[in-house]
Amino acid sequence: MDTNESANKMINIVLVMAGKYLSGRSIAKELVDNVVHDNLAAVAVELDFEGVETCSQSFLSELIYRLKEKGLKPGSVHSSSLTNETVAIRLKNELKRLEMGPSA
């Protein structure tokens, strides 16, 4: 991926690739390392939760941290198929804590 590509570029991360029950920082780090190979400054990321039963706070924290570390800009994280309310709250909290949520 060329980092000069349009900001409309969306990378889809299918979380169930790492399992139905996602827990632990090492799993999140491995997932990002396996999926993202370029700088994310010019793209958005969609986290696809289809098939995922639950995610721990530590998994989501590391996932968002690693995406930020790879250059993802605030407001560029989107989610799909997120039906677990607890996970939705955890994701929202991590986006806010790591200053990756949409700007006000």
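**Figure 1. Contact between helices α1 and α2.** In this predicted model, R25, I27, A28, K29, L31 and V32 of α1 meet S58, F59, S61, E62, L63, R66 and L67 of α2, where contact means heavy atoms within 4.5 Å. By class, this contact of α1 with α2 has seven nonpolar, two polar and four charged residues; Ala, Val, Leu, Ile, Met, Phe, Trp, Tyr, Cys and Pro count as nonpolar, Asp, Glu, Lys and Arg as charged, and the others, Gly among them, as polar. Helices (H or I, at least four residues) and strands (E, at least two) are DSSP runs that are numbered from the N terminus. Residues are numbered from 1 along each chain as its sequence is written. Local features need pLDDT of at least 70 and side-chain atom pairs count only at pLDDT 80 or more, while totals for chains, interfaces and linings use all residues, and side-chain values use heavy atoms, with hydrogens and water left out.

**Figure 2. Crossing of α1 and α2.** The axes of the helices α1 and α2 come within 7 Å and cross at roughly 35°, the axes being lines fitted to C-alpha atoms, for helices over the stretch in contact, with angles that run from 0 to 180 degrees between N-to-C directions. The crossing of α1 and α2 is right-handed; a crossing has this hand if the near helix is turned clockwise from the far one by less than a right angle, and is left-handed if the turn is anticlockwise.

Figure 3. E62, which lies in helix α2, counts as buried because its relative accessibility is 8%; buried means under 20% relative accessible area, exposed over 50%, and partly exposed in between (1.4 Å probe, protein chains only). Leaving aside neighbours within four places in sequence, E62 is in contact with R25, A28 and K29. A network of salt bridges links E62 with R25, R66 and E69, a salt bridge being a side-chain nitrogen of Lys or Arg within 4 Å of a carboxyl oxygen of Asp or Glu. Within this view, the side chains of R66 and E69 meet in a salt bridge at 3.1 Å, N to O, and both residues lie in helix α2 (residues 57-69), three residues apart, about one turn of the helix. R66 counts as buried at 17% relative accessibility, whereas E69 is partly exposed, with a relative accessible area of 48%.

Figure 4. The structure holds five salt bridges, and one of them joins K29 to D33, with the closest N and O atoms 2.7 Å apart. K29 and D33 both belong to helix α1 (residues 25-35), where they stand four residues apart, about one turn of the helix. K29 is partly exposed at 35% relative accessibility, and D33 is also partly exposed, at 31%. In helix α3 (residues 85-97), R97 and E94 are three residues apart, about one turn of the helix, and the closest N and O atoms of their salt bridge are 2.9 Å apart. E94 counts as buried, because its relative accessibility is 4%.

Figure 5. With a relative accessible area of 38%, S81 is partly exposed. E99, which is not a glycine, also has a positive phi of about 55° and is placed in the segment after α3. E99 is exposed, with a relative accessible area of 61%.
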